[in-house]
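Subject: Structure for you to look at

Hi,

Have a look at the model first, then read on whenever you have a moment.

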Amino acid sequence: MPYFDHNATTPLRPAAREAWLEAADRFWHNPSSLYPEAGAARQRLEDEREALADLLGADDPEDLVFTSGATEANNAVFAHYSRPGQLATCALSAIEHPSVIGPAQRDFAGGAISPIPVDAGGQIEVGELQRSLRTAPTTLVSLMAANNETGALQPCGEAFAAARAAGAVTHCDASQWFGKLPAAGVAALGADITVGSGHKFGAPRGVGFALLAGAGRDLRLQTGGPQEARRRAGTEDLPAIAAMVAALAEAESQLADMRAQAPLRDAFEEQFASTLPGAGAVLPRGRDRLPNTSAVLVPRGKNLRWLTRLGRLGFAVSTGSACSSGAENGSHVLAAMGLSADAIKRSLRISSGANTSAADWDGLLGALRCVAADFPG
Ligand code: PLP
């Protein structure tokens, strides 16, 4: 089945599978135990940390904490920096993932959240962030690197520099960046805490990492045992970690193929808009975005009905974030960009992988045309 939902999750990469099985067979002892086999598992864990630091261009492997994924890390960030009993304010964009918005609302209750608006192209307005930083002392600024629904890249460098100058800790959910753009590029974004999720780039689900720098080095994710230098308690899932590092290495070696998705996606969007009256892409051509992502509006009918029909024709797409696919009011991301409720109901998210072929894109176009015939205009 041509799979166009890579922003939701990705298939397990062969290199990840191999690393996973090897580590599960050979290094199943608890890395915190004290006999030689456990020592070997500890050594392997630290080797993986070093390999990941190299891929990320991080100076010190000790700045990496392994997690169960982005949701855990995002929750921990807000729990940590909300400092119970103190006056704390956070600023976050209106288009963050629910795993950021939910914890922000939970931990910074009482109106201490400054939502930063986005423009019609889905990018935050840095001027608005600067205004907000001048108005209220801000503890934490949270901004995703790339949006999961539109692929829009965010002006993180500029935003984080402004946040740092105002004394705020900066947090970047970079879940959608890794595997699609060079991993070392996130360091250039300059966040104190950068979060990644393995299953977005070919690792199994349930493993991720947080890269800590500057003020972010204070972050404590879970309390309990002394694992991860006391920053994240819980026995490390070494096979999953080994698989994640292998997956990222393989994804990095395939970035040229991923880049080649952009012209295929652009051609698809052009033909989609020109052959189906009323249909079109949400973002204008040339907008800074992930090479694999296309948010489109179908000409008529509800997106869920299109999704079901496309599924029957063998094409997997989504109506937006998989995490909010049950949400009643549709996409908060598209709403923040100013799309009408009617347009949002007609939105589909299409996200390809490095191996998606021109024939797959053509097939999707044909399937959309075929479905359109079901919805007389
Ligand atoms: N943040 C973003 C931007 C995402 O796209 C996702 C996945 O949908 C998550 C966080 C959640 O990641 P995880 O599944 O690792 O908890």
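Asp 119 is partly exposed in this predicted model, since its relative accessibility is 25%. Its salt-bridge partner is Arg 287, with 3.1 Å between the closest N and O atoms. Asp 119 sits in the loop between strand E3 (113-116) and helix H5 (126-135), while Arg 287 sits in the loop between strand E8 (280-281) and strand E9 (293-297), so this pair ties together parts that are 168 residues apart in sequence. Arg 287 is partly exposed as well, at 26% relative accessibility.

Another set of charged residues is joined up through shared partners: salt bridges link Arg 265, Asp 266, Glu 269, Glu 270, Arg 285 and Arg 289 into one network. Across the whole structure, the search finds 20 salt bridges.

Two other pairs deserve a look.

- Arg 13 and Glu 250 form a salt bridge with an N to O distance of 3.0 Å. The two residues are 237 residues apart, with Arg 13 in the segment before helix H1 (14-26) and Glu 250 in helix H8 (residues 238-253). Arg 13 is buried at 14% relative accessibility, whereas Glu 250 is partly exposed at 23%.
- Arg 49 and Glu 228 form a salt bridge with an N to O distance of 2.8 Å. This pair also links distant parts of the chain, with Arg 49 in helix H2 (residues 36-56) and Glu 228 in helix H7 (residues 227-230), 179 residues apart. Both Arg 49 and Glu 228 are buried.

Glu 228 comes up again when you turn to the backbone. In general, most residues other than glycine have a negative phi. Glu 228 is not a glycine, yet its phi is positive, at about 50 degrees. Arg 230 also has a positive phi without being a glycine, in this case about 65 degrees. Glu 228 lies in helix H7, and Arg 230 lies in helix H7 too. Is each of them buried or exposed? Glu 228 is buried, because its relative accessible area of 4% is under the 20% cut-off. Arg 230 is exposed, because its 57% is over the 50% cut-off.

On to the domains. As for contacts between them, 24 residues of domain 1 touch 21 residues of domain 2.

Pro 182 lies in the loop between strand E5 (169-173) and strand E6 (193-197), and it is partly exposed, with a relative accessible area of 40%. Which residues does Pro 182 touch, leaving out those up to four places away in sequence? They are Trp 177, Glu 252 and Leu 255. Glu 252 is 70 residues away from Pro 182 in sequence, but the C-alpha atoms of the two are 6.6 Å apart in space.

Finally, the cavities. As a general point, rolling a probe the size of a water molecule over the atoms shows where empty space is left. Here the count is two cavities of 30 Å³ or more.

The largest cavity holds about 50 Å³ of space. Its lining consists of Glu 149, Ala 295, Thr 319, Gly 320, Ser 331, Leu 334, Ser 347, Leu 348 and Arg 349. Strand E10 (residues 347-351) contributes the most to this lining, with three residues. By class, the lining has three nonpolar, four polar and two charged residues.

The second largest cavity holds about 40 Å³. Among the residues lining it are Ala 91, Leu 92, Ser 93, Ile 116, Val 141 and Ser 142. Strand E2 (90-93) and strand E4 (140-142) each supply at least two lining residues, and E2 gives the most, with three. What classes do the lining residues of the second largest cavity fall into? Eight are nonpolar, two are polar and none is charged.

Happy to talk any of this through once you have had a look.

Best wishes

Notes. Residues are numbered from 1 along each chain as its sequence is written. This is a predicted model: local features need pLDDT of at least 70, side-chain atom pairs count only at pLDDT 80 or more; totals for chains, interfaces and linings use all residues. Side-chain values use heavy atoms; hydrogens and water are left out. On a 1 Å grid over the protein atoms alone, a cavity is a set of points where a 1.4 Å probe fits but cannot get out, and a pocket is an open set with protein on both sides within 12 Å along at least five of seven lines; lining residues have an atom within 4 Å of a point. Grid points are joined across faces, edges and corners, and a volume is the space filled by probe spheres set on the points. Helices (H or I, at least four residues) and strands (E, at least two) are DSSP runs, numbered from the N terminus. Ala, Val, Leu, Ile, Met, Phe, Trp, Tyr, Cys and Pro count as nonpolar, Asp, Glu, Lys and Arg as charged, and the others, Gly among them, as polar. A salt bridge is a side-chain nitrogen of Lys or Arg within 4 Å of a carboxyl oxygen of Asp or Glu. Buried means under 20% relative accessible area, exposed over 50%, partly exposed in between (1.4 Å probe, protein chains only). Contact means heavy atoms within 4.5 Å.
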